[in-house]
Amino acid sequence: MGDMSGPWPHDAVLYQPFEDEQILLAEKASCSAVKAYLKMCNLPYDVQFRANAEFMSPGGHMTKLPVLKVGGFVLAEFEPIVNFVEQRSESISRWMMEDEKTEMRSYICTIENTFTLAEMYCSFMLKGVYNDVTAPRNGCVFPWPLNKIQNLSKRYQAEKMLKVYQWTNMTFGDVLEEVSTCCRNLEMKLEESLGPYFYGERPCELDALVFGHLFSILTTNLPNNVYFLLFSFSGPNEVMLQRTTGTSSVSLQRVFARCRTRNEHTIPFLTLNT
């Protein structure tokens with residue numbers, strides 16, 4: 001085992017599936033959130049793409065990704081990685097009051113149990129998305145017939161998880177309503193904040209997680225009907241991006257693109273491929 005009290009090593013490695021060809025919507029959101037968080041903490045890491053990244057994972061609650069190797073420690077998914085960083089006293093939320101941290105954790109739990117499930121629902125329960133996006137991407141690194149077997153296994157695991165949370169009997173409209181409700185709560189939280197982030201002038205874990213889902217939705221090629229999710233996401237995320245960049249564009253896609261090209265120093269974790 002590694003030394004928890006030592007400095008953050010410079011050879012930390014983040015393993016994830018191939019960005020352009022393989023990674024799925026929920027997996028990309030989780031990987032993007034972790035990369036954003038580590039950048040916000042100014043902790044160095046190297047990204048390595050592996051076709052078998054999911055099978056390198058020690059386990060997880062949702063996506064099992066990304067996999068972070070820090071010294072003798074191997075962790076997976078957003079919350080375990082955040083908890084590990086916090087235990088090393090390198091968390092970006094050290095300045096927060098305990099009641100704020102408790103509230104923030106409840107938001108994080110809600111996001112993970114809403115946005116991630118919604119992304120998995122879109123990827124595996126919508127026939128057009130599954131046939132056109134999910135199956136080709138998930139099976140692209142495997143030869144026939146292993147790709148077919150892997151797709152069946154992946155879909156079975158996803159549907160099993162959605163069934164546990166009672167999402168398998170939901171319609172797409174029900175999913176949108178769940179996401180919209182979650183986003184309205186986040187929007188109200190942003191309205192309470194006096195700064196560009198959820199808890200004022202400094203970012204925290206919640207900002208990284210919301211950004212990860214936003215980044216994933218906007219940069220993944222999906223059928224048109226799934227982009228209705230953007231209208232659910234547009235409330236809190238557009239407010240966050242507008243506050244951070246100083247823009248007032250009504251288009252979420254244009255705001256996101258503008259803030260990347262106009263001032264990446266304003267949101268330094270927008271550039272995630274390091």
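**Helix packing, sheet and pocket in a predicted model**

Tutor: In this predicted model, helix α1 lies across β1 (13-16), β2 and β3, and runs at about 165° to β1. Helix α3 (residues 78-87) lies across β3 and β4, at about 140° to β4.

Student: What makes the sheet that these strands form an open one, and which are its edge strands?

Tutor: The sheet has 4 strands in the order β2-β1-β3-β4, with mixed pairing. Its edge strands are β2 (46-49) and β4 (73-76), since each of them pairs on one side only. Neighbouring strands are turned by 25° against each other on average, with direction ignored.

Student: Why is α4 called roughly parallel to α8?

Tutor: The axes of α4 and helix α8 (residues 205-219) come within 10 Å and cross at roughly 10°. Angles under 35 degrees count as roughly parallel; therefore α4 is described as roughly parallel to α8.

Student: Which residues of α4 and α8 meet?

Tutor: From α4, the residues are M104, Y107, I108, I111, E112, F115, T116 and E119. They meet E205, L206, L209, V210 and H213 in α8. The residues of this contact divide into 8 nonpolar, 2 polar and 3 charged.

Student: What makes a space in this model a pocket and not a cavity?

Tutor: A cavity is a set of points where the probe fits but cannot get out, whereas a pocket is an open set with protein on both sides. About 450 Å³ of space lies in the largest pocket. Of the 23 residues that line the largest pocket, the closest to its centre are M62, K64, Q157, A158 and M161.

Student: Which helices supply at least two residues each of the lining of the largest pocket?

Tutor: Those helices are α1 (25-40), α2 (53-56), α4 (98-124) and α6 (146-164). Helix α6 gives the largest share of the lining, with 8 residues.

Student: How do the residues of the lining divide into nonpolar, polar and charged?

Tutor: The lining of the largest pocket has 11 nonpolar, 7 polar and 5 charged residues. Among the residues closest to the centre of the pocket is K64; Lys counts as charged, whereas Met and Ala count as nonpolar.

Technical notes:
Residues numbered from 1 in each chain as written. Predicted model: local features only at pLDDT ≥ 70, side-chain atom pairs only at ≥ 80, totals over all residues. Heavy atoms only, no water. 1 Å grid on protein atoms, 1.4 Å probe; cavity = no way out; pocket = protein on both sides within 12 Å on 5 of 7 lines; lining within 4 Å. Points joined across faces, edges and corners; volume = space filled by probe spheres on them. Pairing = 2+ DSSP bridges. Axes fitted to C-alpha atoms, helices over the stretch in contact; angles between N-to-C directions. Contact = heavy atoms within 4.5 Å. Parallel < 35°, antiparallel > 145°, perpendicular 65-115°, else oblique.
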